[in-house]
Amino acid sequence: MNTVLSRANSLFAFSLSVMAALTFGCFITTAFKDRSVPVRLHVSRIMLKNVEDFTGPRERSDLGFITFDITADILQQKYFIAFS
């Protein structure tokens with residue numbers, strides 16, 4: 001006779017196998033889709049400062065600031081599901 005522990009082990013192994021098959025199926029259905037969209041990158045301001053570094057005695061470090069805009073139309077896909 002099978003013990004409760006043996007049956008639980010079999011059920012757990014079967015459920016892991018089913019979950020692995022479902023995960024692989026989800027991967028296959030989305031792996032080869034074309035996800036490229038046109039992207040526009042605009043840099044408006046670049047600033048570089050030499051500031052005091054507080055990690056060491058009397059050291060200075062460079063600190064850079066970049067202001068940029070990224071524009072992409074990510075909602076142009078044919079089948080888009082809106083969540084509310």
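Let me start with a definition: buried means under 20% relative accessible area, exposed means over 50%, and partly exposed lies in between, with a 1.4 Å probe and protein chains only. What you have above is a predicted model, in which local features need pLDDT of at least 70, side-chain atom pairs count only at pLDDT 80 or more, and totals for chains, interfaces and linings use all residues. Residues are numbered from 1 along each chain as its sequence is written, and side-chain values use heavy atoms, with hydrogens and water left out.

First, the overall layout. Helices here are DSSP runs of H or I with at least four residues, strands are runs of E with at least two, and both are numbered from the N terminus. Of the 84 residues, 2% are buried. Taking contacts (heavy atoms within 4.5 Å) between residues at least 6 apart in sequence, 45% join residues at least 24 apart.

Now the helix. UniProt, in an unreviewed entry, places a "transmembrane region" at residues 12–32. In the model that stretch is 95% helix and 0% strand, and its end C-alpha atoms are 31 Å apart.

There is one aromatic pair in the structure. Phe24 and Phe27 have ring centres 6.3 Å apart and planes at 40°, so the pair is tilted. For the cut-offs, rings of Phe, Tyr and Trp (its six-membered ring) pair if their centres lie within 6.5 Å; planes under 30 degrees apart are stacked, over 60 edge-to-face, and the rest tilted. The two residues are about one helical turn apart because they sit three residues from each other in helix α1, residues 4–31. Phe24 is exposed at 52% relative accessible area, while Phe27, at 47%, is partly exposed.

Last, the strands. A nonpolar surface patch consists of Val39, Leu41, Val43, Ile46, Ile66, Phe68 and Ile70, with about 740 Å² of accessible area together. Strands β1 (39–53) and β2 (59–72) each supply at least two of its residues, and β1 gives the largest share, four. Patch members have over 30% relative accessible area and no salt bridge; like charges are joined within 9 Å, and nonpolar side chains (Val, Leu, Ile, Met, Phe, Trp, Tyr) within 5 Å. A salt bridge is a side-chain nitrogen of Lys or Arg within 4 Å of a carboxyl oxygen of Asp or Glu. Ile70, in β2, is exposed at 57%.

Notes. Areas by Shrake-Rupley, 256 points an atom, 1.4 Å probe, with all protein chains shown as cover. UniProt positions renumbered as here; feature names shortened; annotations may be inferred.
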